[in-house]
Structure formats: C-alpha cells, structure tokens
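Please walk me through this structure. Start with the aromatic side chains, then move on to other sites along the chain.

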Amino acid sequence: QVQLVESGGGLVQAGGSLRLSCTASGSILSINSMGWFRQAPGKQRELVAVVTSGSNPNFADSVKGRFTISRDNAKNTVTLQMNSLKPADTAIYYCNAFILDYSKRAYEYWGQGTQVTVSS
C-alpha cells in the first residue's frame with residue numbers, strides 16, 4: 001500500500017505565497033513522477049506542475065514564473081512553492097505520483113487534496 005500525505009495550503013491574499021508538500025510512504029520501490037494538480041469549482045482537474053525522473057519540471061502555462069516545484073528523492077517528498085498568488089489559483093490541490101511498488105507494478109496515486117484560497 002502507498003499513501004500520499006499532503007500539507008500546506010490555506011487562505012492568503014492576492015500576491016502572497018504558500019507552500020504545499022506531499023510525502024509518499026509505503027511499499028515504494030521507485031517513484032517515476034510526483035506533482036500537483038488542481039481543481040476549481042465547476043472546472044476539470046488540471047496539471048499544475050510535475051517532476052518526472054530524468055526530466056525537467058513541467059508547469060502549466062498559467063503558473064510559469066510564479067510556481068516552483070522540487071523533489072527530495074531521499075524523503076519521497078515533492079514541494080510546490082507558490083508565489084504571486086492570484087484569485088484564479090483558488091482550487092483544491094491534489095498531489096499525484098506514479099509509483100513502482102515491490103511487486104514491480106506501477107500505479108498512479110492521489111492525495112486527499114488541500115484547499116488553497118486566494119482572496120482579492
């Protein structure tokens with residue numbers, strides 16, 4: 001079993017910053033990718049940023065230049081630093097990971113979601 005546990009999020013004024021962290025635990029052989037998606041009310045879930053092993057981070061156009069993402073492979077953790085936040089960034093943010101377990105099978109996992117609210 002693998003779990004993704006998120007922390008961070010909350011309420012911030014426009015122009016402010018927040019940091020989200022996600023840690024994977026359980027039967028993990030390796031992690032192919034870790035990243036963040038978000039879903040605003042009435043909208044589809046969308047990619048925010050992802051780090052894939054051996055590749056440069058990938059960002060949604062709407063967050064480029066404002067958000068950064070980093071992975072700590074030793075701790076199975078991914079962190080999303082969000083700066084210059086806008087009301088349009090308000091959403092539930094979900095951690096996502098593709099993980100190879102000890103059975104050598106790869107599965108996609110999701111965190112429980114954390115609310116980010118940016119007030120104008």
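This is a predicted model. Begin at tyrosine 109, which is buried, with a relative accessible area of 16%. The cut-off for buried is under 20%, so tyrosine 109 falls on the buried side of that limit. Tyrosine 107 is partly exposed, with a relative accessible area of 35%.

The rings of tyrosine 107 and tyrosine 109 form a pair. Their centres are 6.4 Å apart. Their planes stand at 65 degrees, so the pair is edge-to-face. The reasoning rests on two limits: centres must lie within 6.5 Å, and planes over 60 degrees apart count as edge-to-face.

How many aromatic pairs does a search of the whole structure find? The search finds 3. One of them joins phenylalanine 37 and tryptophan 110. This pair is edge-to-face, with 5.1 Å from centre to centre and 70 degrees between the planes. Phenylalanine 37 lies in strand S4, residues 30-39, and tryptophan 110 lies in strand S10, residues 106-110. The two parts are 73 residues apart in sequence, so the pair ties them together. Tryptophan 110 is partly exposed, at a relative accessible area of 34%.

Phe37, Tyr94 and Trp110 form one aromatic cluster.

Next, threonine 114. This residue is in strand S11, residues 114-119. Is threonine 114 buried or exposed? Its relative accessibility is 12%, so threonine 114 counts as buried. A polar atom of its side chain lies 3.0 Å from the backbone oxygen of glycine 8. Glycine 8 is also among the residues that threonine 114 touches, once residues up to four places away in sequence are left out.

Last, glycine 65. Where is it found? Glycine 65 is in the loop between strand S6 (58-59) and strand S7 (67-72). Glycine 65 has 84% relative accessibility, so it counts as exposed.

Technical notes: Residues are numbered from 1 along each chain as its sequence is written. This is a predicted model: local features need pLDDT of at least 70, side-chain atom pairs count only at pLDDT 80 or more; totals for chains, interfaces and linings use all residues. Side-chain values use heavy atoms; hydrogens and water are left out. Rings of Phe, Tyr and Trp (its six-membered ring) pair if their centres lie within 6.5 Å; planes under 30 degrees apart count as stacked, over 60 as edge-to-face and the rest as tilted. Helices (H or I, at least four residues) and strands (E, at least two) are DSSP runs, numbered from the N terminus. Buried means under 20% relative accessible area, exposed over 50%, partly exposed in between (1.4 Å probe, protein chains only). A polar contact is a pair of N or O atoms within 3.5 Å; within protein, one must be able to donate a hydrogen and the other to accept it, and residues adjacent in sequence count only if both atoms are side-chain atoms. Contact means heavy atoms within 4.5 Å.
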